[in-house]
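Here is a friendly walk through one protein model, meant to be read with the structure open beside you. Take your time and turn the view as you go.

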Amino acid sequence: MRTCFLHLQSKNHRWLRRLSCLFLLALGTAASAQTLARPGWAGSGVAIEPWWRRAVFYRINPANFQDSDGDGKGDLAGITQRLGYLQSLGVDAIILRLAPISASPELQSGFEDLARTAAEHKLRVLVELTPSDASGTSAETYLNAARFWLNQGAAGIDLNSATLAAAGDEQAAALVHSLHELLRGFPGGRILVANAAPVGDPVLAKALSQSVQLVAAKPLVATTSATALRTEMEAALGNESASPAPAHTTSRRHARAHEAEPANLLWSASSVEETPNISAEQRLALQRTMAMLLLASRAAVVIDYGEEIGLHAGADSPMQWTPKNVTPHAAAPIERQATVAPADRPIPPKPKQQSNVYGAYVPYVPSAKAKPLGTPETDTPAKVDPNTLPGFTSGTLPGSLNADAATVNVAVEDTDPHSLLNLYRKLIQLHHGNASIHNGAETLLKHDDLNALLWVRHPPPGATTAATVVALCNLSAKPLDISLAEELKLRAGTFHTLAGDAKISGDRISVAPGAVWLGEWRK
């Protein structure tokens, strides 16, 4: 009997070992496509959110981002070279606008290399499915296009409004459901992103709510009127502004008759370039404000390439890396520069996670700026000519430089702590890591008479270490001096700056014209 028991026990152990191997194999397959959004992502301490729920997406037209071979046109290899920059920015995923699937084998090879290297940088790559991906508009053609990119390692598919329109009203909902089923067959948490349904299309709206992880809402319209922006925010937030969304559930409102419940929203902003008759100062103020509106929210966010430096929008505008934007022959390869070599950066230790508080996000920490070869070691960093760094191309630029190219570029803004680029970096970090921003309820304050936009993010329930966060955008041409303790019924304490610029004295905040500020109230 004992011999029989031992035989059975040994047999069971063999089966357990086999099951364990199969489990680890499946886990490894999924993990390759479902890497955590970034090092140190700790979730809420109770349940880890899906990676996409509060993610920051970065949309790229490859032809305009980085040229790797000197022909004056951006390519996928160029994006691969700049992944360190995207990681330092703090985004979670890239959305690519790619050519039709009938493209050359070089494009396929370039995408595979990009997807593999992006995973090493804790980034995912999604592909925007456009009508140009198909010679016809049948659902099967779109499904084949999506299957092609998913097989190459894409982490998801983005359906833009043109794709839904090309599919037709009757076929759009069926296409959404079919794509959802297709993605379910791939490991690694692949996602489907789509534009919101047109008003009055309940069938498509229901399909989106059931089959799409993120629905791209109508972009917030950039305007210098605080009243108009506040009205937009109220419409975007709806009834959700009064209560927080649990981290482990989809935030939904009660649907009216014949309307589907909304899915998780993906926020974006219209280009500041579309705002007429504004000065350069107003333009920068509006760029800062739109960054605050998007990234001090708890929604997923998408930004277009160059938005983080204030690049002039345009279908053919290349990314502005340096003032001249041309790579000199003596420049070090992009991979050797500190701004694009994340492997050389120290990774902060992961904080201990407690079950009763929100975990702290461990930010990505850049190393010291690279010095030119041969520079002696001194306490004072050498000043680097930005035009000695790699630009968009080593060949000929596809067009003329923007008038503000000398100041609106990555190399110059990277070294300026008050630049728009570094404001984006800080806000993205807080978007991920600050518990009140990440999952707290929002209250809009009305100060239209000052042409100032103010809102408050409250600590989420149960977050004993979180603080009240206040966002302030001064869109006026005058300094703004305001006290908020009485209005917000805050107990004894003082404000502390999280991002932006302001002079703080207890509960009084002084913000310069066109400036933005984000801070928290500490006792």
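## Overall picture

Of the contacts in this protein between residues at least 6 apart in sequence, 72% join residues at least 24 apart. Please keep in mind that the model is predicted. The protein has 14 helices and 16 strands, and 49% of its 523 residues count as buried.

## The nonpolar cores

In soluble globular proteins, nonpolar side chains tend to be buried together. Here the largest nonpolar core has 98 residues, and Tyr58, Leu86, Leu96, Phe111 and Leu518 are those with the most contacts inside it. Take leucine 96 as a place to look: leaving aside its neighbours within four places in sequence, its contacts include Ile60, Pro62, Leu76, Ile79 and Phe111. Leu114, Val125, Leu126, Val127 and Glu128 are also in contact with leucine 96. A second, separate core has 18 residues, among them Leu454, Leu480, Ala515 and Trp517.

Valine 91 is another spot worth a look. This residue lies in the loop between α3 (83-89) and β2 (93-97). Is valine 91 buried or exposed? With a relative accessible area of 1%, valine 91 falls under the 20% limit and therefore counts as buried. The C-alpha atom of valine 91 is 6.1 Å from that of phenylalanine 57, although the two residues are 34 residues apart along the chain.

## Two helices side by side in a table

In α5, the buried residues are Tyr142, Leu143, Ala145, Ala146, Trp149 and Leu150. They lie on the same side of α5, because they cover an arc of only 160° around the axis. Glycine 153 follows α5 and has a positive phi, near 110°. As for α10, its buried residues include Arg283, Gln287 and Thr289, along with Leu286, Met290 and Leu293.

## The five-stranded sheet

An open sheet of five strands runs in the order β9-β10-β11-β16-β13, and its pairing is antiparallel. Which strands form the edges? They are β9 (442-447) and β13 (494-500), each of which pairs on one side only. On average, neighbouring strands of this sheet are turned by 25° against each other, direction ignored.

Six bridges link β13 to β16 (residues 516-522) in the antiparallel sense. Within this pair, threonine 497 has glycine 519 of β16 as its bridge partner. Helices pack on the sheet as well. Helix α9 (residues 226-237) touches β9 and β10 (452-457), and its direction makes about 155° with that of β9. Helix α12 (residues 420-433) touches β13 and β16, with its direction at about 120° to that of β13.

## Parallel pairs

Elsewhere, β6 (residues 214-216) and β7 (residues 264-267) run parallel and are joined by three bridges. Leucine 214 has asparagine 264 in β7 as its bridge partner. β7 also pairs in the parallel sense with β8 (residues 300-304), over two bridges. There, tryptophan 267 stands opposite valine 301 in β8.

Technical notes. Residues numbered from 1 in each chain as written. Predicted model: local features only at pLDDT ≥ 70, side-chain atom pairs only at ≥ 80, totals over all residues. Heavy atoms only, no water. Core = buried A, V, L, I, M, F, W, Y, C linked by side-chain atoms within 4.5 Å. Buried < 20%, exposed > 50% of the residue type's maximum accessible area, 1.4 Å probe, protein only. Contact = heavy atoms within 4.5 Å. Helix = DSSP H or I, 4+ residues; strand = E, 2+ residues; numbered from the N terminus. Arc of directions from axis to C-beta. Pairing = 2+ DSSP bridges. Axes fitted to C-alpha atoms, helices over the stretch in contact; angles between N-to-C directions.
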